[in-house]
Amino acid sequence: MSQLTMPKGFLWGSASAAYQIEGAHNIDGKGVSNWDEFVKIPGKTFKETTGEVAVDHYHRFKEDIALMAEMGLKTYRFSIAWTRIFPNGTGEVNQSGVDFYEAVIDECLKYKIEPMVTLYHWDLPQALEEAYGGWESPQAIDAYVNYATYLFNAYKGKVKYWITINEQNIFTGFGWMTAMHPPGKFNDEKTYYQVNHHVFLAHAKAVLAFKEIMPEGKIGASFAYSPSYAIDSRPENGMAKLDHDNLKSFWWMDVYAYGRYPRTALRYLEKQGVAPTITEEDSKTLHVAAQKVDFMGVNYYQTATVEYNPLDGVTPFGEMNTTGKKGTGQVTGVPGVYKNPSNPYLETTDWDWVIDPSGLRFACKEITSRYDLPIIISENGLGAFDKKTTDNKIHDDYRIAYLAAHLKELIKASDEGCEILGYCTWSFTDLLSWLNGYQKRYGFIYVDRDEEGGTLDRYKKDSYYWYKEVIETNGASLSVE
Ligand code: BGP
């Protein structure tokens, strides 16, 4: 039997986000973002790490993109810092910011690397936060659409793939429920759902604007999708899985793909008094935009296991493991609905993230059945402690094993009929993990820096050479039959 590969033209890629790599936080006219401010609050990040310098990609992007080219990368997904384009969120454009990203794009194109641009990867202009509470106000929708439209016009003809919003479920959950991201609100569920509604409208209006400017371009959102399994066949756990999926996954993906909320989840939130206010015009906008979305972007890291959670059970506010000390994360859930216990059949990372390669195939098949949309895996990867040897080698065989296992499942998903356009590992270089400092490494390229600093020199890990071969053979080197 011959070895399976991904389809011709498949976008083998890698991803990053501005705040996590660029540094240069106050250079060349950049405005202040919510993250620039949030990290100053003691205790919010691991060892008080910030992105002020990050891995200095701002000054080293040519070196980094040359390494991508040498590897044979077909696409590079990166985000644009809104504050470099509009330092105050709206108003005057900062030309050096526009030029910086144009230089990044041109550098990619020089090597035939398809640039894939994320418009919003969590770093909101602080000016908008201060003016009206950022996403809490519908005014943020117009500011975002203005910013997005500016970029569509600026880079049309050069950038074909656009991601509107990165992991809306994560930044809103951490921002308004668990206080772990800006604006650091705790258990403000009503605002959380209203904020999400605003972000959906921002996404939808950006999609509509995009299709006017670049009808041939491709656009979608990137969702942090954790497919789920019921812990056993007890009917109450099956029901908990269903409710969990509606509240934790389909609440977002149904809006991107269908332009409407899952009805039973909406009814549940209405009963709780926390459902968003939705006008008829909103519904129309969401619906029309959903018809024009080109793909479902998926950031896949893990699956969830679901069990019924009694009314006096666990809350969404359990400790999260941000130290890398295995076993310190706590079970969370929604009282009266579901909880997410650990899965006895699966291993976890040092940060207690479940390792489940077949979950990636599950995610692709679920999306294909439910939405029949092409898929871009916009993130997948392993955060680990890496060690550089005295002869400057990094033997990350565990990362190779992790990625290989996931890619084998992706190839099977493609063979089973899912239309998968691209796959981006998280991440190309090591970078700042929002809450976990610099010690949680994801890259193919080791960056010599820790929580205190470092030379910022780049070194290829073993996984770099491994992925190069995967790309060269279009996946055949993984030997899936
Ligand atoms: C996703 C984000 C990325 C990245 C990744 C790894 O949620 O989109 O920005 O950070 O997860 O997560 P972490 O850094 O928490 O390990």
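Which helix holds E469? E469 is found in helix 15. Helices here are DSSP runs of H or I with at least four residues, strands are runs of E with at least two, and both are numbered from the N terminus. This is a predicted model: local features need pLDDT of at least 70, side-chain atom pairs count only at pLDDT 80 or more, and totals for chains, interfaces and linings use all residues. Residues are numbered from 1 along each chain as its sequence is written, and side-chain values use heavy atoms, with hydrogens and water left out.

**E469 and the active-site record**

- E469 is partly exposed, with a relative accessible area of 43%. Buried means under 20% relative accessible area, exposed means over 50%, and partly exposed lies in between (1.4 Å probe, protein chains only).
- E469 and M71 are 398 residues apart along the chain, yet 8.5 Å separates their C-alpha atoms.
- An unreviewed UniProt entry places the feature "active site" at E379. UniProt positions follow the numbering used here, feature names are shortened, and annotations may be inferred rather than shown by experiment.
- E379 sits in strand 11. E379 counts as buried, at 4% relative accessibility.

**The ligand and its shell**

- The ligand has 15 residues around it, and Q20, E167, S433, K440 and Y442 come nearest. A residue is near a molecule if one of its heavy atoms lies within 4 Å of it.
- The shell divides into 6 nonpolar, 6 polar and 3 charged residues. Ala, Val, Leu, Ile, Met, Phe, Trp, Tyr, Cys and Pro count as nonpolar, Asp, Glu, Lys and Arg as charged, and the others, Gly among them, as polar.
- The side chain of Q20 has an N or O atom 2.7 Å from an oxygen atom of the ligand. A polar contact is a pair of N or O atoms within 3.5 Å.
- The side chain of K440 also has an N or O atom 2.7 Å from an oxygen atom of the ligand.
- For H121, a polar side-chain atom lies 2.8 Å from an oxygen atom of the ligand.
- Taken alone, the ligand exposes 380 Å², and the protein buries 93% of that. Such areas come from the Shrake-Rupley method with a 1.4 Å probe.

**Salt bridges**

- The count comes to 27 salt bridges. A salt bridge is a side-chain nitrogen of Lys or Arg within 4 Å of a carboxyl oxygen of Asp or Glu.
- R234 and D232 meet in a salt bridge, 2.9 Å from N to O. R234 is partly exposed, at 49% relative accessible area. D232 is partly exposed too, at 30%.
- R361 pairs with E409, and their closest N and O atoms are 2.7 Å apart. R361 lies in helix 13 (residues 357-371) and E409 in helix 14 (residues 397-415), so this pair ties together parts that are 48 residues apart in sequence. E409 is buried, with a relative accessible area of 11%.
- D386 pairs with K461, with the closest N and O atoms 2.6 Å apart. D386 lies in the loop between strand 11 (375-379) and helix 14, and K461 in the loop between strand 14 (458-460) and helix 15 (462-472), so this pair ties together parts that are 75 residues apart in sequence.
- D386 counts as buried at 4% relative accessibility, and K461 is buried at 0%.
- Salt bridges that share partners join D386, D396, R399, D430, R441 and K461 into one network.

Terms used:
A polar contact is a pair of N or O atoms within 3.5 Å; within protein, one must be able to donate a hydrogen and the other to accept it, and residues adjacent in sequence count only if both atoms are side-chain atoms.
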